[in-house]
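This briefing goes through one protein model, for a reader who has the chain and its coordinates at hand.

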Amino acid sequence: MLETSALPNDLQAYWLPFTPNRDFKKRPRILAKAEGMYYWDSEGRKILDAISGLWCVNAGHAKRPIVDAIRAQASQLDYAPSFHFAHPKVLTLASRLCALGPKGLDNVFFCNSGSEAADTAMKIARGYFSALGQTGRYRFVSRARSYHGVNFGGMSLGGLPNNQKGFGPLVPGTEHRLSIPYDPERDRFSRQDLEGGENYADELQAICADVGGDTIAAVVVEPMTGSGGVYGSPKNYLSRLKEICDRHGILLVFDEVITGFGRLGYAFAAERYNVVPDMITFAKGITNGAVPMGGVLVKSAIYQAFEPKSEYGIDLFHGYTYTGHPLAAAAGLATLDVYRDEGLFERARALEPKFRDAVLSLKNAPHVVDIRSVGLAAAIELEPIAGLPGKRGYEALTRAFFDEDMVVRISGDTVVLIPSLIASDTEIARMVEGVDAVLAKLN
Ligand SMILES: Cc1ncc(COP(=O)(O)O)c(C=O)c1O
């Protein structure tokens, strides 16, 4: 039982993100403690975390070496400015990340979130071409159903209309979208990664023909669409995109904010799909969710293009007060150790087929119209209630929490499961049974 001081005494002040606030405040869902695969609420009820925090707690909650590293760092060096100065851990983390990532991405810029990483990558792309004198390259091509965070750059690239509605005008040059490489009629309930996909990548060729490939700075894609509903890349899709980008001198950016750090069984999805992009954005799993951190891995040619002419000239007029924060850097290093020492990326790879089979067992459950599963992420798509999109999904989330002691994620009427890389077979089975029980009760 937790102390009563942990109980909420005022629900009014807090404005929750991406949440129906009024309904939340009628019956709040409070998570007061966490360890491993579980939360506990203020009354001590044990709740299964079926979504790795929010795609971030890949190694399970309250991992001892990470907690200890943060604690030790707070008393050693709580803060150091990132403009004109550095500290030992951020240097080590930068080197280790570059060693972990695909060959050729030899520099890293740190920020504090996936949203900042998206906007940072966009600024680096435009700044790079400006430095090369190609000032006409300002456009970005992204994808339907994509999510690149909520800041103006990433929001403008996004492909989920609700996230843009009411916030315009968007960043100029961001209006082009490729389709998601998925045909529901053909691909639903797939048991393995999809073949082919070149035809979807070729849409980029058509955009180049239309607006001029030399006006496009970068193509930004999630190797697996996450928030938009778990869509992986067919086997030849990303390599064809890279080929077309190279042909037109366009940078390819992978948003690996959720696919990074083991979600797809590798350090980065670039490795799984065997394609090296020009930049990778990351966040979330870099610190196991314990301290905010994000960043962009870049090819060294991009970094070098920014080199100033004088000793005192600044390369990049961009950065954050908390770039490479000591607590985040310490957490990041400890997290990378945990991933390596516990073999968690390999574990995720081994777990993937079992997880896929388990979620596909829900195929004939009520309301289910598709199930997509890639790595340790699965979307169970439900038929929306006519005229009330999102209602069934939201009911699934609340029922999972109150009736099944489980935290799930929803994307509209799609229920998403995102087990931590430490999940046991029993916990995977529990997630699926919990969703099954919820589906049986839904309106
Ligand atoms: C692919 C992707 N990019 C960017 C973001 C934004 O990250 P953050 O919420 O840390 O700003 C997310 C968040 O879920 C994401 O899934």
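**Backbone at Val230 and elsewhere**

Val230 counts as buried because it has 25 C-beta neighbours inside 10 Å, where 20 or more are needed. The model in which this residue sits is predicted, and the phi angle of Val230, near 60°, is a positive value in a residue other than glycine.

- Val230 belongs to the loop that runs between β7 (216-221) and α9 (237-248).
- His367 likewise has a positive phi although it is not glycine, with a value near 75°, and its place is the loop between α13 and β11.
- Why is His367 counted as partly exposed? His367 has 18 C-beta neighbours inside 10 Å, and therefore falls in the partly exposed class, since a buried residue needs 20 or more and an exposed one has 12 or fewer.
- The peptide bond that leads from Gly168 to Pro169 is cis, with omega near -5°, and Pro169 lies in the loop between α6 (152-157) and β6 (176-178).

**Confidence of the prediction**

- The average pLDDT of the protein is 97, and 98% of the residues score at least 70.
- Over residues 1-7 the pLDDT stays under 50, and for this stretch the model has eight contacts beyond four places in sequence.
- Where pLDDT is low, the predicted coordinates should not be read in detail.

- The domain assignment of the protein gives domain 1, made of 11-59 + 343-441, and domain 2, made of 67-341.
- The C-alpha centres of domain 1 and domain 2 are 26 Å apart, and 28 residues of domain 1 are in contact with 27 residues of domain 2.
- On the side of domain 1 that touches domain 2, at least two residues come from each of α2 (52-55), α13 (344-360), β11 (368-374), β12 (377-382) and β15 (414-417), and the largest share, six residues, is supplied by α13.
- Sorted by class, that side of domain 1 holds 16 nonpolar, six polar and six charged residues.

**The largest nonpolar core**

- The largest nonpolar core has 127 residues, of which Val219, Leu241, Ala378, Val408 and Val416 touch the most other members.
- Helix α12 (residues 326-341) gives the most to this core, with ten residues, and at least three residues of the core are drawn from each of domain 1 and domain 2.
- Leu241, with residues up to four places away in sequence left out, touches Ala201, Leu204, Val219, Val221 and Leu252.
- Val408 is placed in the loop between β13 (406-407) and β14 (409-411), and Val408 counts as buried because it has 24 C-beta neighbours inside 10 Å.
- Apart from neighbours within four places in sequence, Val408 is in contact with Ala50, Ile51, Ala396, Leu397, Ala400, Val415, Val416, Leu417 and Val435.
- Val408 and Ile418, which are ten residues apart in sequence, lie 8.1 Å apart from C-alpha to C-alpha.

**Around the ligand**

- Which residues come nearest to the ligand? Of the 15 residues around the ligand, those that come nearest are Ser113, Gly114, Ser115, Gly149 and Val257.
- Helix α5 (residues 114-131) gives the most to the shell around the ligand, with three residues.
- The shell around the ligand divides into six nonpolar, seven polar and two charged residues.

Conventions: Residues numbered from 1 in each chain as written. Predicted model: local features only at pLDDT ≥ 70, side-chain atom pairs only at ≥ 80, totals over all residues. Domains from an automatic or database assignment. Contact = placed C-beta atoms within 7 Å. Helix = DSSP H or I, 4+ residues; strand = E, 2+ residues; numbered from the N terminus. Nonpolar A, V, L, I, M, F, W, Y, C, P; charged D, E, K, R; others polar. Near = placed C-beta within 6 Å. pLDDT = per-residue confidence, 0-100. Core = buried A, V, L, I, M, F, W, Y, C linked by C-beta atoms within 7 Å.
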